[in-house]
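Subject: Handing over a two-chain structure

Hi there,

Here is the structure I promised you. Have a look at it first, and then read on for what turned up in it.

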Amino acid sequence: MTDAILAQLDRLVPNIPLQVVSQGAEALVLSTQTHPYAQKSGTFIIKYRPPKPYRHPKIDAQITRSRTAGEAKFMAKLRRAGIRAPNLVSVDPNGGLIWMESVGEILPNGAVSSLKNLLWYLEQGSEAAGLLVQSQLELACRHTGAVIAKLHMNDMVHGDLTTSNMLLQEGEAYLIDFGLSSYSALAEDKAVDLYVLERAVLSTHSVHAEKYNGWLLAGYKDEQCGAYASVGGKKKYSETLKKLEDVRLRGRKRSMLG
Amino acid sequence: MGVQMSTFPQYPDVHVLLAYFPDVAKTKLASVKENLVSRNPEYDFCFLSTANLVSLQQLQNGVYTAVRNQKQEQMKASTIYTEIMLSLSPVNNINEALKRFGVDETRNDIIVLKVVQAEQLQESEKEFSAKLESILDSKPGALTDDVLYNGFDATKFKKLFKLLGVESQEELTQGAIEGALFRGL
Ligand SMILES: Nc1ncnc2c1ncn2[C@@H]1O[C@H](COP(=O)(O)OP(=O)(O)OP(=O)(O)O)[C@@H](O)[C@H]1O
């Protein structure tokens with residue numbers, strides 16, 4: 001399965017050494033040190049949507065093209081809005097390929113600095129290091145909350161806010177993976193975004209979930225009610241939070257019904 | 001001296017020759033344009049205006065996209081040189097791309113590119129500079145980021161790429177690259 005995909009990829013990007021980073025249901029993510037056209041050093045990420053044999057080839061080509069273009073455009077919109085996300089390097093819409101700059105760092109334990117890994121890593125040291133680590137944990141959550149606040153103030157919704165889809169770099173939070181992202185001004189959609197994150201934190205960090213979710217929301221609130229106060233941030237914040245209550249309630253009912 | 005050469009890691013067999021002529025008579029540029037319009041085979045080069053080019057990276061992105069499209073047999077234009085101009089343009093119209101990125105005889109500089117196969121490189125390189133110096137009656141100079149940033153037409157550029165209010169070379173470059181990548185999408 002993967003060998004066939006790698007062979008297709010080698011036809012699209014020949015002569016480029018690639019390392020597989022992750023294989024999702026829809027896309028394969030790879031990393032490389034090679035920039036396709038500029039003399040730039042660094043690490044670059046290729047997100048590749050291979051053809052899906054279970055779809056009609058013509059429809060498959062259309063879907064791949066529109067999802068690839070959609071995700072790349074969303075990244076560009078984020079950059080223009082000043083929201084931290086990877087810079088776009090190249091797009092091959094027909095090939096299903098997005099070439100972007102890499103964000104994030106490698107933690108001392110060898111893991112990438114996703115919010116998930118960072119919290120895990122910091123938790124391990126928290127017994128010994130105490131308060132210092134507590135404040136690092138809090139800052140990571142607050143910065144992540146703030147970047148989501150910015151996203152929502154621009155009427156953009158991520159659609160898949162898991163703790164792996166935010167990477168910390170030099171203390172700042174970057175969003176990645178816009179395969180399910182969309183544009184919406186509805187408080188409901190933003191509330192669902194926040195709810196998905198809350199559930200994700202609960203599943204990856206159940207012991208401290210309440211604390212982390214509190215910090216995430218505090219970062220979200222401070223940004224919308226602070227930096228965005230003059231452009232209606234407070235009102236949007238309270239609308240979204242009210243919807244979040246509803247969404248949580250619905251979630252609870254659904255889980256009670258099994 | 002004068003000819004800059006580059007390749008792309010994906011396509012080592014393709015070489016791009018580039019010469020920049022900073023000081024060309026307007027009459028020479030007008031005559032180049034006429035020869036291109038009448039499809040004179042002696043003018044088989046890509047002549048680019050610097051008006052809407054802010055950095056080398058922006059130019060490299062356009063050339064790369066065109067070469068990739070050619071390799072994948074996905075070109076929209078009939079020649080690689082028109083494909084380069086289209087790949088620089090945010091507007092999905094060949095005439096518009098030629099107008100924005102092709103010869104502009106109101107300016108006094110010009111970039112010339114030739115895309116060649118590795119095996120023709122030796123022969124092409126010599127011929128390339130000799131022929132252009134005679135066509136343009138001018139001497140080439142170095143094309144750098146500073147040359148482009150100091151010389152581009154900021155008003156036209158920002159209007160074309162919808163980048164009003166953007167100032168730094170880095171952000172103008174990223175914006176122009178995105179605009180070109182999203183053409184027709
Ligand atoms: N720009 C980037 N910089 C650094 N790492 C990245 C970048 N983009 C993706 N990754 C890495 O690749 C992984 C998968 O990327 P992404 O989430 O975009 O793909 P996906 O196929 O949608 O994944 P999934 O199906 O698991 O959600 C990320 O969790 C991250 O570790």
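Let me start with one strand pair in chain A: β4(A) and strand β5 (residues 97-101) of chain A run antiparallel and are joined by four bridges. Strands here are DSSP runs of E with at least two residues, helices are runs of H or I with at least four, and both are numbered from the N terminus. Two strands count as paired if DSSP finds at least two bridges between them. Within this pair, A:D92 sits opposite A:L97 of β5(A).

Before going further, some background: this is a predicted model, in which local features need pLDDT of at least 70 and side-chain atom pairs count only at pLDDT 80 or more, while totals for chains, interfaces and linings use all residues. Residues are numbered from 1 along each chain as its sequence is written, chains are lettered from A and ligands numbered from 1 in the order in which they are written, and side-chain values use heavy atoms, with hydrogens and water left out.

**The sheet in chain A**

The pair above belongs to an open, antiparallel sheet of five strands, ordered β1-β2-β3-β5-β4 (chain A). Because β1 (19-23) and β4 (88-92) of chain A are at the edges with a single partner strand each, one side of each has no neighbour in the sheet. On average, neighbouring strands of this sheet are turned by 20° against each other, direction ignored. Such angles run from 0 to 180 degrees between N-to-C directions, with axes fitted as lines to C-alpha atoms, for helices over the stretch in contact.

Elsewhere in chain A, strand β7 (residues 166-169) and strand β8 (residues 172-175) are antiparallel and joined by four bridges. A:M166 has A:L175 in β8(A) as its bridge partner. The hairpin of β7(A) and β8(A) has two residues between the strands, and A:E170 there takes a positive phi near 50°.

**The sheet in chain B**

Chain B has an open sheet of four strands in the order β1-β2-β4-β3, again with antiparallel pairing. Its edge strands, β1 (3-8) and β3 (46-48) of chain B, each pair on one side only. From one strand to the next, the twist averages 25°. Five bridges link the antiparallel strands β1(B) and β2(B), and B:S6 has B:V16 in β2(B) as its bridge partner.

Helix α2(B) lies across β1, β2, β3 and β4 (110-117) of chain B, at about 140° to β2(B). Helix α2 (residues 56-71) of chain B also lies across β4 and β5 of chain A, at about 20° to β4(A).

**Where the chains meet**

How many residues does each chain bring to the contact? Chain B brings 25 residues and chain A 28 residues, where contact means heavy atoms within 4.5 Å. Together the two chains bury about 2,200 Å², 50% of it on carbon and sulfur atoms; buried area is the accessible area (1.4 Å probe) that two parts lose on being put together, summed over both. B:Q10, B:F182 and B:L185 supply 28% of the area that chain B buries against chain A, more than any other three residues.

There are two salt bridges between chain B and chain A, a salt bridge being a side-chain nitrogen of Lys or Arg within 4 Å of a carboxyl oxygen of Asp or Glu. One salt bridge joins the side chains of A:R79 and B:E178, at 2.8 Å from N to O.

On the side of chain B that touches chain A, β2 (11-21), α2 and α8 (169-181) each supply at least two residues. α8(B) gives the most, with seven residues.

Enjoy exploring!
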